[in-house]
Amino acid sequence: MQLDQQGPILVWLRNDLRLADNPALIAAAATGRSVIPLHILDETPGVRPMGGASLWWLDKSLAALDVSLKAIGSRLILRRGPARAVLEDITAQAKPAAVVWNRLYDAASIERDSAIKAWLKDEAIACESFNAGLLNEPWTVKNGSGQPYKVFTPYWRAARDQLHHVHVEPPPKALVAPERWPRTESLESWNLHPAKPNWSKGFDLWTPGELGARERLDDFLSGPVEDYDRQRDLPGVEGASRLSPHLHFGEIGPRQVWVAARKAAEAGDAPAGQVEKFLSEIGWREFNHSILFHNPDLPKVNFRPEFDGFPWMRDDAAFEAWSRGETGYPIVDAGMRELWATGFMHNRVRMIVASFLVKHLLIDWRAGETWFWDTLVDADLANNVGNWQWVAGSGADAAPYFRIFNPIAQGQRFDPVGAYVRRWVPDLANLPDALIHEPWKASAQLNAAAKRIYGEPIVGHSAARERALEAYRGLRENGLSRTAG
Ligand code: FAD
């Protein structure tokens, strides 16, 4: 880093809440100057505020980061407000020689960061940004004609080919403290932990922070990875890594995951094919970030414009039943209740509940995306929007709209003995396996609470399927006549 002035290095930490493999922090430490680690609870207009579950996570993750920083002679400065105003205030106090950060890839962050970079340049303060969040940044993977890929398989083949020397930097051993710390706010004063009501009691399965992230990865690589390809689809089994919130907040980076997983395969501690499959899921994360970067309107706009005329329905009662887990379909309801209770939902079940909303209920994918944004601890713009559009059929390399999940058959296939449903919809716990996904066939065996919920599903599967296909056919016919006209 080229430094023309005296002064400390300000490290603006965002979705990179870790010490290891954090290039901005490591570059700051390498200057030998004093370092000021800063997190801003950003209120820049246009930057999407975090949802409630994410704020719960952020609270714990920042606390953990502060502990790690203190162990190497530093601390975390916390400020709330529009990022530019906060940085103006801190640079006026601390007179840094440079401000550094790791890059983000959504349009609002890019616009904010570019404006801040230009302002720092005017102020003659050095500014440098780094890659902590992706294996390949979006502009580095292009097809033969220099265009970004729109289909996952060739994207990942090309992206993977570029990953020969993935390198992970160890955390800095020590950070020099500045003579005077700038003003900080207390984490408690931000009130990120919910009170009255405290809906986060079921969130204690999580350990936000760098240590918790590393533990999750190690646990996964020393067990579930063995049979990942099969077990990852079974919501009643702990078959996947549950790393997504840790990756979203950058408590662990994809390079670290890559290196650890490959090392396990090379040492014979994990089957190479299973590791490859797992890394291809990290590939989907990369792909979604690339698609969002190249299509900045994606959070609001269909990737495939032919979906713009889709006849979405407004049905508040149905949306409420969906969001509360009271649709009458056990696998859907179990998923929505898991989400509410823990801030997480199994991937297979996310696909089922999302399909149910956009196809059985014909509700716009954006309504579901918004609900997930508020309730998921791993809510991530690129992944959430990318996956919702994938399920809706409007996205890049999406599932075809006419592939409509049958929630009964999906339940029977992926939760065959009802372990997942019994856990999240305990009213159904006593039903025999054969009826657990069709409780309306077992009226006599249901208790009163289950009867109230499961008297009738809110829509019949066959009728809803026909209605969805009809809406889709209309869309195509309109689309064709529009093109013809
Ligand atoms: P693993 O199977 O262990 O996979 C490892 C990592 O790969 C994950 O941690 C995640 O970072 C990445 N990954 C896995 N599947 C996907 C995928 N389909 N797309 C992108 N990355 C993936 N994931 C989020 O991180 N944030 C979201 O907001 C989000 N919203 C979703 C919404 C819908 C409708 C659907 C269908 C999926 C969504 N996903 C989202 C993707 C996926 O469900 C989660 O990443 C996954 O369930 C996390 O569990 P895991 O860490 O055990 O995954």
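Me: Which helices each supply at least two residues of the shell around the ligand, and which one gives the largest share?
Reply: This is a predicted model, in which local features need pLDDT of at least 70 and side-chain atom pairs count only at pLDDT 80 or more, while totals for chains, interfaces and linings use all residues. Residues are numbered from 1 along each chain as its sequence is written, and side-chain values use heavy atoms, leaving out hydrogens and water. Among helices (DSSP runs of H or I, at least four residues, numbered from the N terminus), at least two shell residues each come from helix 8 (244-248), helix 10 (272-294), helix 13 (347-360) and helix 15 (381-392). The largest share, 6 residues, comes from helix 10.

Me: How much of the ligand's exposed area does the protein bury?
Reply: An oxygen atom of the ligand lies 2.7 Å from an N or O atom in the side chain of Asn347, and a nitrogen atom of the ligand lies 3.0 Å from an N or O atom in the side chain of Asn387. Taken alone, the ligand exposes 820 Å² (Shrake-Rupley method, 1.4 Å probe), and the share of this that the protein buries is 96%.

Me: Which domains each give at least three residues to the shell around the ligand?
Reply: The domain assignment, which is automatic or from a database, gives domain 1 (9-132), domain 2 (133-168 + 209-294) and domain 3 (305-477). The centres of domain 2 and domain 3, taken over C-alpha atoms, are separated by 27 Å. At least three shell residues are drawn from each of domain 2 and domain 3.

Methods
Polar contact = N/O pair within 3.5 Å; in protein donor to acceptor, adjacent residues only side chain to side chain.
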